[in-house]
Amino acid sequence: MKNDILRHLRYGLGKDAAHSSTYDWRMALSRALRDRMVDHWIPSTQAAYKSKSKRVYYLSMEFLIGRLVEDMASNLGLVDEARAALSDLGQDYDLIVKDEPDAALGNGGLGRLAACFMDSLATLGIPAMGYGIRYEHGLFEQDFVEGQQVERPETWLQQDHIWEFERPEVEYRITFGGHVEHHHDKAHWHPGETVLATAYDTPVIGWKGRWGNTLRLWAAQPVKVFDLASFNRGDYLSASRSEALARTICRVLYPDDTTETGKELRLKQEYFFTSASIQDLIRRFMSDGGDIRNLPDAAAIQLNDTHPAIAGPELIRLLVDDHGLKMDEAMALARRCLGYTNHTLLPEALERWPEWLFGRVLPRHLEIVREIEDDHQRRFPGSPRILEHGNVCMGELAFIMAHKVNGVSALHTELVKQTVFADLHKLHPQRIVNETNGITQRRWLKTCNPALSTLITGQIGDGWITDLDELAKLKPLSGDAQFKDAFMAAKRSNKERLSNWVKAEMGIDIDPAAMFDVQIKRIHEYKRQHMNILETIALWNEMKARPDAGWTPRVKIFGGKAAPGYYVAKEIIHLINDVAATINNDPVTKDLLKVVYPPNYNVTMAEMLIPAADLSEQISTAGKEASGTGNMKFALNGALTIGTLDGANVEIREHVGAENFFLFGLTADEVMERRTHPGYARAAIDASPRMQRIFGQIVEGRFSPQDPSRYHGLVGTFYDSDYFLVTCDFDSYYDTQRRADEAFKNERNWAAMALTNTASMGFFSSDRTIKGYAKDIWHVGPRPDVAEA
Ligand code: 26V
């Protein structure tokens, strides 16, 4: 390893050790790891070709990967070797790992889930390919300026991204616009614009390198002028349009996971990567000499939300227009290939494209959508429409074109059946299935929490790394004082590490003995960070009034970004920062309460915060959070949850036991019922002197003395609408927080509860989730040689 690092330093980077920066060392280390990775990757790829096994194609607009060096070193079992080699060379492995930028090609849960799935697919030895977009700029970087969010462009590709291999020979034409002519029953699409999609491949190596898959991200290139000349008789204008489109199409990840704004460029992004992926998988199938009618035996295509839902019409287009299949035959065949995962019930996030826009960008696909619609109406008269009120509804399209549709937690799947797809569900009662989300324990315990994972492995061996159910062996130890002390010592060391970081980065002193209470996720009204900060104010009021009343000291930690156009979310950020500034400067409560909101929350920050958490905030309005996956990461790392009966919280609580979970709030049914009572928010506030006081303080400018009216609008929404029922759940949330305070005082008992959480999380491994998809949706098996290895 040492020699390899030096060789790469010299011949790959043209440096000698004496003049190398941390960046150079990281590049050399990465290349050394990459070589080893390739030695696992190529045989896997060859084996998948040879055995002609069915492959999974995971189409996702987002892959929120984070850093890779440590993941690669860990999955290859090379962490110790790399550390030792660098140390011999006078370098610090940890510093070098920290130099890596965080690949943020995603917004939040949906993108991170895709990354966990890639890890599990490789570890289970399921031949698979992830398909997505190689964005030049990932999710924006967040700064706070006077407490307000400011966005800066993210620039990860300004450094060499050495994990990827460019594949200039893998290239597809992606066309847009123009018009369609029909001759003798055959459609001819004469597009107006063309770009090329070229592939960049990143190996994804599973545990111990037993199997490797590929994440293939598409970048856009302009069509070459000479190429155009042969097609379009030297149309140089088209060439410059192609250049302009190629420059913009992969430029930036859409940072809005809140509202569907119907932007043409986003539709083009969706079609760009979906078409390239479908063309690619068909080419792979045909090059094996297959009969296209057998495609469903070779390809399971999973749509991560509706973003790639154009895959249905695109596959049909290629089957009919290029391969000569009949329309109905093509539809049936496409359906057998496709599965669709729904990730949200929020009506404003469901994708709909104005028909005129859709038809202008994808005229042939609009014709095909009409055929799909007609076919479905013929078979199921009066069924819900894909084309409605002048829109193309991508949810309905994805549902109708998929043989299986899945929700991401038990509750969410039931709500999918009862709400968004109720009518389609009645017509296709077998189609909707549940696949509760999961997380990869390799990243979210092994790598991010060495203190705890070493302790666990010392106790029960390392079987849990590939079989998380093994953690159940820890359950009996919840009565073992010595093990519990060790468990809490690991937690304590993680909290100390975080305290040092907070001091260094933010200049705030926090006490590692306090309860670390963490809410990290995108800022959304339905996730109710505002309820958390209101509770913080209420607690502060009580602490100030009676500082000696035996309070459990708390550190409230927030992290998360708001969509740049989401005004209320940005007001919530501002309020949290204003409250933090006020409380952190209060001498009376300085040993009792702190509020910490580090800017630019990302995967890397999550890897530090989660192992240090005592309390995990999962407080969304019941019925709104499809699953949540942060909730699982916290519980796995021995935090207790304070939460509502929403998303996967329900199942987490069932697994860890009600006595090890701080439950509060209305249920999904009660939420729906409560909304029918006019004036429910005002009634709740009228009944709560505590809330009245807080709102009074905010409105008087207690937290924004320079600008007292700053939050009048925000507070007004609590009185007038409060769609997310903060006011209705507030008092029960406050009381439950105080129960958590009491519980935290009994350290041994808290340790038992925390340990039981960790020990009960076997079900929430993404390995289990992927096995579920493989069995219920994809009909693929793990390669036996890998599974048994
Ligand atoms: C939605 C939209 C809407 C249109 C504009 C662009 C855009 C980009 C991303 C999204 C994603 C929203 C859906 C999402 O992230 N859902 C989350 O999925 C997680 C994984 O299943 C789940 O744990 C979270 O509860 C759910 O909110």
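Predicted model: local features only at pLDDT ≥ 70, side-chain atom pairs only at ≥ 80, totals over all residues.
Domain 1 is pieced together from several stretches, 54-62 + 169-198 + 210-437 + 771-787, while domain 2 is assigned to 484-764. Their C-alpha centres are 39 Å apart. The two do touch, with 16 residues from domain 1 and 17 residues from domain 2 taking part in the contact. On the domain 1 side, the residues that touch domain 2 split into 7 nonpolar, 7 polar and 2 charged.

| Helix pair | Angle | Axis distance |
|---|---|---|
| α19 (450-460) and α20 (481-506) | about 160° | 8 Å |
| α21 (529-545) and α28 (689-700) | about 100° | 10 Å |
| α9 (264-287) and α11 (311-322) | roughly 45° | within 10 Å |

Take α19 and α20 to begin with. Their axes pack at about 160°, which makes α19 roughly antiparallel to α20, as the angle is over 145 degrees. The crossing is right-handed. From α19, the contact draws on A451, L452, L455 and Q459, and from α20 on F483, A486, F487, A490, S493 and N494. Sorted by class, that contact holds 7 nonpolar and 3 polar residues, with no charged ones.

What about α21 and α28, and how are they oriented to each other? They pack at an angle of about 100°, and are therefore roughly perpendicular, given that this class runs from 65 to 115 degrees. On the α21 side you'll find L534, I537, A538 and N541, which meet R690, R693, I694 and Q697 of α28. This contact divides into 4 nonpolar, 2 polar and 2 charged residues.

That leaves α9 and α11. Their axes come within 10 Å and cross at roughly 45°, so α9 is oblique to α11. As with the α19 and α20 pair, the handedness can be stated: α9 passes α11 in a right-handed crossing, and the crossing of α19 and α20 is right-handed too. Which residues make the contact of α9 and α11? From α9 come T274, S275, I278 and I282, and from α11 come A311, E314, L315 and L318. By class, the contact of α9 with α11 has 5 nonpolar, 2 polar and 1 charged residues.

Technical notes: Residues numbered from 1 in each chain as written. Axes fitted to C-alpha atoms, helices over the stretch in contact; angles between N-to-C directions. Helix = DSSP H or I, 4+ residues; strand = E, 2+ residues; numbered from the N terminus. Parallel < 35°, antiparallel > 145°, perpendicular 65-115°, else oblique. Left-handed = near helix turned anticlockwise from the far one by under 90°. Contact = placed C-beta atoms within 7 Å. Nonpolar A, V, L, I, M, F, W, Y, C, P; charged D, E, K, R; others polar. Domains from an automatic or database assignment.
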